[in-house]
Amino acid sequence: PELKRITRALRVLSSCSRAVVQAEDEERLFSYTCEIITKAGGYVMAWIAVKEQDQRKSVRTAAARGRGAEAYLDAHGITWRDEPNGRGPTGTCIREERTASCRQSGTDPDFEPWRQRATQHGYNSVLALPIRSESQVIGALNIYASEPDAFDSEEIRLLEELAANLSFGVQARRRQAERDRTEVALRDSETLFRTVFEKANDGILIMDLEGRILEANIIMCRRLGYTREEFLGMNVLQVDNAETGARLPERMETAMQTGGDMFEGVHVRKDGSEIPVEISSQLFDYHGKPALLGVARDITERKRAERDAAERSAELERAKIAAEAANRAKSEFLTRMSHEMRTPMNGITGMTNLLLDSPLTAEQKEFAETVRRSAQGLLAVINDVLDLSTIEAGRMQIERVAFDIVDCVREAGELMAPKL
C-alpha cells in the first residue's frame, strides 16, 4: 500500500508539472490540477480554495473535480478564521500557512461541520496544502481520499512538492497578468497622451533639462513654421526671443525646485516674426529621464485687447483732464466777470441812494426807487453767479435768513408792472 501511494503521488506530481507549463491561465491551471489529482492519482475528490479578504475571512472555490464535489462544496461555509468553520484542514492550512490534515473525518472533532456530507460521499481523510504567491499564502489545495489515514509522510512530501510547483505556476501567471495589465495601461496611457498631445489647442514642446527639444505637437509646428523633424534637432533657445531666452536658466531652476512654472514670453517663427505666448511648464518623467513639458498659449489677441484697453483708459484720462481744465476756466471767468460787474453796480446803487436823499417830486422819487431796486436785483444775480462758482469749487456755505414773502412778491410785481 505504501508503494502504491508513493506511485500515485509521483504520477500526479509528474502530470501536474506538465500542466504548470501548458496551462494558459490560472483558472485552467487550477482546473487541470484538480482533474489530474482525481483521474491520474485516483484520489476521490480535489478542490482549490482561495482565501478572501472580507470581514468573514471566507474562502472561494476556484476549481473542483471528483465524486460529489459540487454537492459537497455547495454552501460549504469554510472560513480561515479561528472558529469552528475555520478549524478544518482548509481553514487551518490558510490561517497557519502550513500543511494540515484530517486523518479520520468520522472522528476528528475539528471536522464536525462537514462530517455528514463527507460520510455521504465517502470522504474519510483530507490533506490541505498551502498555495503561495510572492511568499504569501493565497489559498489551499485540498485532496480527499476514500480510505482513512490515507496520507503517509512520504506521500505528503511529494504532494507538498506538487503544491510548490502549483504555487510557482500561479505566481508566474499572476506576474504575467500584471505585466499584461501594465503593458495595456502603458499603451492606453501612451494613446491618451498622444491624443491629448496632438489634439490640444495650444502648442506643446517636450525638452530635456538642457533645453533640447525631444517632441513637438502639430500646433507648435504650424505656429512656428517648423517641421517635427526640424524641431527635434533644435534647442528651445532657438524659438525664444533674446529676452525670453535670457530667463531660461532661471525658469529651469524654478521648475526643478517647484515642479513647474508659468510665465509670459515671446516665440520667434521660422520667418523671424514674433508671437507673444503664455508658457506653462511641468517637470515630469519622459522615457525614464526627467524632462519639461511646456505648453505655450498664443496670447496675441489678449495683448491686443490689453493695448486697446490701455489706449481707451488713456483717452478717458485725457478727456477727464480737459474737462476739469475747462471747468476751472469757466469758474475763473465767472468769478472775474462777477467782480467786474459788481463795481459799476455798486456805483449805480450808491448814486441812486444819494438821488433819493435829494428833494424829488413823487414821480421822480418813484422812478429813482425803481432804479435802485433794479440795481439791487441785478447785484443779486451777480452774487448768485459768484455763488455758482463757489458751489463748483466746493466752498459754498448755506445761511438761514428771515424774509417777508409778501414784500418779495410785491417788489417783483412792481418791477414787472407795465408803466402807463
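This is a predicted model: local features need pLDDT of at least 70, side-chain atom pairs count only at pLDDT 80 or more; totals for chains, interfaces and linings use all residues.
Reader: Hi! Which residues touch the most other members of the largest nonpolar core?

Author: Leu141, Phe151 and Leu159 do, in a core of 34 residues. A nonpolar core here is a set of buried Ala, Val, Leu, Ile, Met, Phe, Trp, Tyr and Cys residues joined through side-chain atoms within 4.5 Å. Buried means under 20% relative accessible area (1.4 Å probe, protein chains only).

Reader: And what does Leu159 contact, leaving aside neighbours within four places in sequence?

Author: Leu159 is in contact (heavy atoms within 4.5 Å) with Ala9, Tyr43, Leu127, Leu129, Ile143 and Phe151.

Reader: Nice. What else lies apart from that core?

Author: Another core, of 23 residues, which includes Trp47, Cys93, Ala118 and Ala140.

Reader: New topic: what order do the strands take in the open sheet of five?

Author: The order is β7-β6-β10-β9-β8, with antiparallel pairing. Strands are DSSP E runs of at least two residues, numbered from the N terminus, and two strands pair if DSSP finds at least two bridges between them.

Reader: Why is one side of β7 and of β8 left without a neighbour in the sheet?

Author: β7 (213–216) and β8 (260–268) stand at the edges with a single partner strand each, so one side of each has no neighbour there.

Reader: How many bridges join β6 and β7?

Author: Three, in the antiparallel sense. Ile206 stands opposite Glu215 in β7.

Note on methods:
Residues are numbered from 1 along each chain as its sequence is written. Side-chain values use heavy atoms; hydrogens and water are left out. Buried means under 20% relative accessible area, exposed over 50%, partly exposed in between (1.4 Å probe, protein chains only). Helices (H or I, at least four residues) and strands (E, at least two) are DSSP runs, numbered from the N terminus.
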